[in-house]
Amino acid sequence: MVYQIKTQKYVTVLDVNENGDWQTFEVEHEDAFEAFNHETGNLLEGQGFVMDQNDLNQIVDIINESIQKHRQSYSRSPIDEFEVMPVHIVSSESAAGSLQVGLDRPKIVIGFPDSFSIGPLYNLHEKAGQTFRNEWIYEHINYEQDDYIYENKFSSTVREIDDIPSQYPIYIWYGDNVDEQIALRFLLFLLRDKANDIFLLNSTELYAKYITSQGENRKISYTSQIESNDLRILFVKGKKDAPLSEQLRSQLLEEWLFLAQTKEDLRIWEKDEIKGVNEDYFDSLIIDTLEMLHRKQEKKDFIMAGMVIGEVLAETKELINVFFLEYRIRNLLYSGFLEFKGIPKSMRHYSVKLRY
């Protein structure tokens, strides 16, 4: 099977499965494989193979390795040695989209596709730790996407960071919330061997200083909450600051190494610190919310899981991961606290009510 690579962007299982340009060839014996050339090979028409998702995922990894080798050899060409382009990294694909729209060209924007408030962080900077986290995500969190998409995006983003040329300045965006605070430390670990100038842009502080002071009373905790035009203003103001000092860089790296030894699967932002808590931390809030919703009903009846999650988010100042809340609702179902109607494959497909 031959896959034609037509892009310098890293691919996922979905890309290769649905949009890939595949051809199938026949090799007469094993020894001929090393000398195989698809341009002169025996193309098979009307035949193909079916492979399982695990095999396809391994093929995606091989394809991305090839793309990375091409990207790195291209970036080392003499033509590009003196080109300078800012690189913006943020822990949110949504925030990355806003930066892509809001900031002037040329630029590179990398959005880390993960929520670091949930799931294991143990040795996440190593392959074994990433595999452990992947398994936890698959077993607990219903991201409502094809298998291996999360894993593909995670590994591809790590490759993108590794690909950043040494002459490009790097801007890391983060806010006063647990997801982006953890991501800041993890990203600095991934960048530990790079000599690039690194600039930190605290979107919460910048927004309060330059936007709220203009009459805007909205409280911002996440970079993804900021509109594209405002992000442009914040970058113009914030980029004047000095690069990250070696002392602070070392301190944040040490903090990551500490986080990477913790065993909790849930973390919150409390008193400007990252705090690990038990998985059931939000369970009482879910139950209290359901009790409140039941009191508004004439007769206690089933309520869509998505509506319960929406009310939980409205009752707290924290921006809790909605898929983690859905996981905890399922856990309350399995523990006997709740009854359900429907199929608990996503928050849109089932309803719940308190059993007592």
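Lys194 is buried (under 20% relative accessible area, with a 1.4 Å probe and protein chains only), yet Lys194 has no salt bridge, and the nearest side chain of opposite charge, Asp162, is 4.8 Å away. A salt bridge here requires a side-chain nitrogen of Lys or Arg within 4 Å of a carboxyl oxygen of Asp or Glu. The model is predicted, so that local features need pLDDT of at least 70 and side-chain atom pairs count only at pLDDT 80 or more, while totals for chains, interfaces and linings use all residues. Residues are numbered from 1 along each chain as its sequence is written, and side-chain values use heavy atoms, with hydrogens and water left out.

**Surroundings of Lys194**
- Lys194 lies in the loop between α6 (178-190) and β8 (198-202), where helices (H or I, at least four residues) and strands (E, at least two) are DSSP runs numbered from the N terminus.
- A polar atom of the Lys194 side chain lies 2.9 Å from the backbone oxygen of Ile164.
- Not counting residues up to four places away in sequence, Lys194 touches Ile161, Asp162, Ile164 and Arg249, contact meaning heavy atoms within 4.5 Å.

**Trp256**
- Trp256, placed in helix α9 (residues 246-259), is buried with a relative accessible area of 0%.
- Leaving aside neighbours within four places in sequence, Trp256 is in contact with residues including Leu121, His125, Ile182 and Phe189.
- Trp256 and Leu187 are 69 residues apart in sequence and 9.2 Å apart in space, C-alpha to C-alpha.

Methods: Buried < 20%, exposed > 50% of the residue type's maximum accessible area, 1.4 Å probe, protein only. Lys, Arg positive; Asp, Glu negative; His and termini not counted. Polar contact = N/O pair within 3.5 Å; in protein donor to acceptor, adjacent residues only side chain to side chain.
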